[in-house]
Amino acid sequence: MKDNQNVKEIEEKLPRGAKKVISENTGLSYNTVCSFFKNKKTSIQTDRKIKIEIKKIIIEYETAI
């Protein structure tokens, strides 16, 4: 189960346009990715795909700084 506070903190760490990149890299629709960040119901597989991509983006973003 997603924690609303945790999702908001993660969303703040992401760079601008990250939701679109997550959508393109996972093959999920942009609306599905937005639903994840709005704490709406998404499947376990969808959550896993998004979380893996979030980790990749945060690591790439933090190492670039």
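A crossing of two helices is left-handed if the near helix is turned anticlockwise from the far one by less than a right angle, and right-handed if clockwise. By that rule, the crossing of helix 2 and helix 4 is right-handed.

Before the details, the ground rules. This is a predicted model, in which local features need pLDDT of at least 70 and side-chain atom pairs count only at pLDDT 80 or more, while totals for chains, interfaces and linings use all residues. Residues are numbered from 1 along each chain as its sequence is written, and side-chain values use heavy atoms, with hydrogens and water left out.

Some terms. Helices are DSSP runs of H or I with at least four residues, strands are runs of E with at least two, and both are numbered from the N terminus. Axes are lines fitted to C-alpha atoms, for helices over the stretch in contact, and angles run from 0 to 180 degrees between N-to-C directions.

Back to helix 2 and helix 4. They pack at an angle of about 120°, with their axes 10 Å apart. Helix 2 and helix 4 are therefore oblique to each other; angles under 35 degrees count as roughly parallel, over 145 as roughly antiparallel, 65 to 115 as roughly perpendicular, and the rest as oblique. On the helix 2 side, the contact (heavy atoms within 4.5 Å) is made by Ala18, Val21, Ile22, Asn25 and Thr26, and on the helix 4 side by Lys49, Ile50, Glu53, Ile54 and Ile57. These residues divide into six nonpolar, two polar and two charged. Here Ala, Val, Leu, Ile, Met, Phe, Trp, Tyr, Cys and Pro count as nonpolar, Asp, Glu, Lys and Arg as charged, and the others, Gly among them, as polar.

Next, helix 2 (residues 18-26) against helix 3 (residues 30-37). Their axes come within 9 Å and cross at roughly 125°. This crossing, of helix 2 and helix 3, is right-handed. Helix 2 contributes Lys19, Lys20, Ile22 and Ser23 to the contact, and helix 3 contributes Tyr30, Val33, Cys34 and Phe37. By class, that gives five nonpolar, one polar and two charged residues.

Thr32, Val33, Phe36 and Phe37 of helix 3 meet Thr46, Asp47, Ile50, Lys51 and Ile54 of helix 4.

Now burial. Which residues of helix 2 are buried? They are Ala18, Ile22, Ser23 and Thr26, where buried means under 20% relative accessible area, exposed over 50%, and partly exposed in between, with a 1.4 Å probe and protein chains only. They cover an arc of only 140° around the axis, which puts them on the same side of helix 2; the arc is that of the directions from the helix axis to the C-beta atoms. Lys20 and Glu24, on the other side of helix 2, are exposed. The cover over the buried residues of helix 2 includes helix 3 and helix 4 (44-64).

In helix 3, the buried residues include Val33, Cys34, Phe36 and Phe37. Their arc is only 155° around the axis, which puts them on the same side of helix 3.

Gly27, after helix 2, has a phi near 85°, and Asn39, after helix 3, has one near 65°.

Last, Tyr61, in helix 4. Tyr61 is partly exposed, at a relative accessible area of 37%. Leaving aside neighbours within four places in sequence, Tyr61 is in contact with Lys13 and Pro15.
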